[in-house]
Amino acid sequence: MTKTGLLFAGQGAQKLGMARDLYDNFDIVKATYDEASEILGYDLRQLIDHDADKLGETKYTQPAILTTSVAILRLLDAHHIAYDVVAGLSLGEYSALVASGSLPFADAVKLIAKRGQYMAEAAPTGSGKMVAVMNTAADVIETACQQASFNSKGIVSPANYNTPGQIVIGGEVAAVDAAVELLTAAGVKRMIPLKVSGPFHTALLKPASEKLAVELETVAFKPFEKPLISNTTAQVMAFDDIKALLTRQVMEPVKFYDSVETMISMAVTDFIEIGSGKILSGFVKKIDKTVSITHVEDVTTFTQLSK
């Protein structure tokens, strides 16, 4: 029997006005934004529609993407669109936790507001950099990062294993530059600096990880209703491991392509990307061309899915 997997977008997917037409047309979507705004103490919908600068700041980006994703998830649930397995990219793991039944939305909003704040404090804008390395074997990239760390005495490591042909490295500027030099010398042709606010999923986020661990102790997670694939292990997350894995996730690499492979091994043949844009859809097509992938981000794409 074939299964459907949900994939939730992460930070970087945000855009001004995202899901506005869904907000205007569906009460359940509007109610989700209203609920988040009440918890956060500011008008989230207003921020998403009109404040590009704030929308690009980690502490605002994270609640904005989480709320948009859960609003779309609730719309799918209300229209009885079924799914079997869930996962998310980085921040998207928290939307996946809501979808799995393990984390109530109100708790997720509070947790994400803190996570975004801790991450911004640990890695202020401009404190590091991230570079996507294209079409290069993982072991070549890992070796270059280790060598660059040793040479520059700085932090650089793989941060996102997005697809076999796209691995993102991140860390301190000098160390990342040293790794790029080594990779260039090794014959790597394409490397793309990313516009991100900080070098996430690296050891530079250790202070955020430690603060998040304290915050996670205040959250009452529930047993999973649907399996969730962990960013950190690329395996089904066990209930007893939730807090430990979320603590590690902030400063350890995201194993996205292994996570998708795990879902495929669980008989997932149809994927639905939830959230703004089609970043994950592009990744899935590069990971396995035999599976189907659709996305929902507005009235048009929702209508196509719900036909």
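User: Which residues touch the most other members in the largest nonpolar core?

Analyst: This is a predicted model, and in its largest nonpolar core, which has 61 residues, Leu-6, Tyr-94 and Phe-221 touch the most other members. The largest share of this core, 10 residues, comes from helix H5, which covers residues 58–78.

User: And what does Tyr-94 touch?

Analyst: If residues up to four places away in sequence are not counted, Tyr-94 touches Leu-66, Leu-103, Leu-111, Ile-112, Arg-115, Leu-212, Leu-246 and Gln-249. There is also a second, separate core of 35 residues, and Cys-145, Leu-183, Val-254 and Met-263 are among them.

User: Switching to strands, how does S1 run relative to S2, parallel or antiparallel?

Analyst: Strand S1 (residues 3–8) and S2 run parallel, and 4 bridges join them. Within this pairing, Leu-7 stands opposite Ala-87 in S2.

User: Which way do the residues of S2 point?

Analyst: In strand S2 (residues 85–88), Val-85 and Ala-87 point one way while Val-86 and Gly-88 point the other way, and all of them are buried. In a regular strand, side chains alternate between the two faces of the sheet.

User: One more: why does Val-284 count as buried?

Analyst: Val-284 counts as buried because its relative accessibility is 0%, and buried means under 20%. The residue lies in helix H13, residues 279–287.

User: What is Val-284 in contact with?

Analyst: Leaving aside neighbours within four places in sequence, Val-284 is in contact with Leu-7, Val-260, Phe-271, Val-291 and Ile-293. As for Gln-249, which is 35 residues from Val-284 along the chain, the C-alpha atoms of these two residues are separated by 21 Å.

Key: Residues are numbered from 1 along each chain as its sequence is written. This is a predicted model: local features need pLDDT of at least 70, side-chain atom pairs count only at pLDDT 80 or more; totals for chains, interfaces and linings use all residues. Side-chain values use heavy atoms; hydrogens and water are left out. A nonpolar core is a set of buried Ala, Val, Leu, Ile, Met, Phe, Trp, Tyr and Cys residues joined through side-chain atoms within 4.5 Å. Buried means under 20% relative accessible area, exposed over 50%, partly exposed in between (1.4 Å probe, protein chains only). Helices (H or I, at least four residues) and strands (E, at least two) are DSSP runs, numbered from the N terminus. Contact means heavy atoms within 4.5 Å. Two strands pair if DSSP finds at least two bridges between them.
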